[in-house]
Amino acid sequence: MQITSSISKRSLAIGKQFVSTEPHASKALKDPWTDSNPTGNIVMTVAENRRFSERFAERLHKCAIWASPVIEDLHYNQSIGVHVIREAIARHVNQYVLAPGKFPIDASQVVTGNGVLPLLENLVYAVADAGDGVLVISPFWHGFNYCLTVRMGVNVIVVPTDSSTNWWPSENALDKALQEAKYAGVKCTAILVCNPSNPLGKVFSEEQLLSTIRWGTSQGLHIICDEIYAATVFNDTVRFVSAWDIASEHLGPEQQQMVHILWGPSKDFGVPGLRIGAIFSKSSQILNVLTATSFFAMTSTPMQRAVAEILSDSTFVSDFMRETVAHLKKSCESFTAELRRCDIKYIAPSAGLFIVLDLRRLLPSRPTFEDELVLFNKLCNAGVVITPAKDCHFFEPGLFRACPYGLPQSCYCSLADRIAGFH
Ligand SMILES: Cc1ncc(COP(=O)(O)O)c(C=O)c1O
């Protein structure tokens, strides 16, 4: 008798979730663009800022923990993070994410873990059951899809937006999405917002956020706000306002407990490999659930202690943040100058680690996502790997997300020339 083993049905579904860029990006990275390999592939699919990695590594190396390890750190510790990291993150966020001094977060309202993505999954576990729905404002980062669907079995209820609505949904659009989900038998329990937006690099206004927060809480929905790009704002004319501050200022105490914020140093500091993130909530019920599930998302204690030390080094942090923002601004200017030189349209970002290129004119009239896939493959063959609109959940094909900040500015010219070759 032949014995066969099988994997679970839900694991079989995972393959369907992967974005189209992943196999192309890893193949292209076997021959990457460098100053000495100018015909290599330009891969701009990962939202990373590597400019100051060495500087951060130098500071990490100096952390006291490596010279004199704390014995207790080798034992089991608080699963939500040791007190020093929760306190250091609260202090940092109070200064760099929230309006200083207004509605400060307390360490008791912080749960930490191994990155924003796993914590978001734990938060989804807390607010939705399998089969429920979470409203997600489009376009959005494909990681949200993984997070909601793969293990949680929660439905993504997309709320469409486009340039005509300033990329933010009206109350009518939100009502419509909620009603359509209801007709389909899906109960929505939360709304997920990313501000500043991945992929648009837009910073949404206080009015936009407040209207949606008011609408959501009046419907009994939890508001989940991913603010991982909070300190990447490089446009001096826009102001980032955290949903925490908005809720604290405008909502009653009970509704404030429905608003939950995610932040981590992965993007602001360009260190996603450290695997640290945090959730802030005023709901003791949600914090209790997160405490129970935090065992599945713990960061090693020595790393928590090292990051706490770095975040508490105010000179290092303020210099690092200032220079990061200056670098993003300068790189964005160089990148968009190359795009303009080659007459390539784009959506001007104010924040984030990406720029959306508008390549719709390279598609046939009335384009489909199949047409976009053809263009994506042609771009890959020309050595340009960028994320197509479909993977960013845009409603229209032809808008591609490029993440230029992981590569030197010297390659921006080659990228623009290669795309211009298709005009
Ligand atoms: C909006 C958003 N949230 C979360 C993450 C992942 O964060 P982390 O590395 O802390 O898990 C990303 C990474 O691209 C992101 O774009």
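How many Å separate the centres of domain 1 and domain 2, taken over C-alpha atoms? The separation is 26 Å. The model is predicted: local features need pLDDT of at least 70, side-chain atom pairs count only at pLDDT 80 or more, and totals for chains, interfaces and linings use all residues. Residue numbers start from 1 along each chain as its sequence is written.

**View 1. Contact between domain 1 and domain 2.** The domain assignment of the protein chain gives domain 1 as 18-47 + 317-420 and domain 2 as 68-312; such bounds come from an automatic or database domain assignment. Each domain is represented in the contact, with 25 residues from domain 1 and 25 residues from domain 2 (two residues are in contact if their C-beta atoms, placed from the backbone, lie within 7 Å). On the side of domain 1 that touches domain 2, the elements giving two or more residues are α15 (314-341) and β10 (355-358). Helices (H or I, at least four residues) and strands (E, at least two) are DSSP runs, numbered from the N terminus. The most comes from α15, with seven residues. By class, this side of domain 1 has 18 nonpolar, three polar and four charged residues; Ala, Val, Leu, Ile, Met, Phe, Trp, Tyr, Cys and Pro count as nonpolar, Asp, Glu, Lys and Arg as charged, and the others, Gly among them, as polar.

**View 2. The open sheet of seven strands.** The strand order is β2-β8-β7-β6-β5-β3-β4, with mixed pairing (two strands pair if DSSP finds at least two bridges between them). β2 (110-113) and β4 (155-159) are the edge strands, each with a single partner strand, so one side of each has no neighbour in the sheet. From one strand to the next, the twist averages 25°; axes are lines fitted to C-alpha atoms, for helices over the stretch in contact, and angles run from 0 to 180 degrees between N-to-C directions.

**View 3. Strands β5 and β6.** β5 (residues 188-194) and β6 (residues 222-226) run parallel and are joined by five bridges. Val193 has Cys225 in β6 as its bridge partner.

View 4. Four bridges join β10 to β12, and Ile355 has Ala402 in β12 as its bridge partner.
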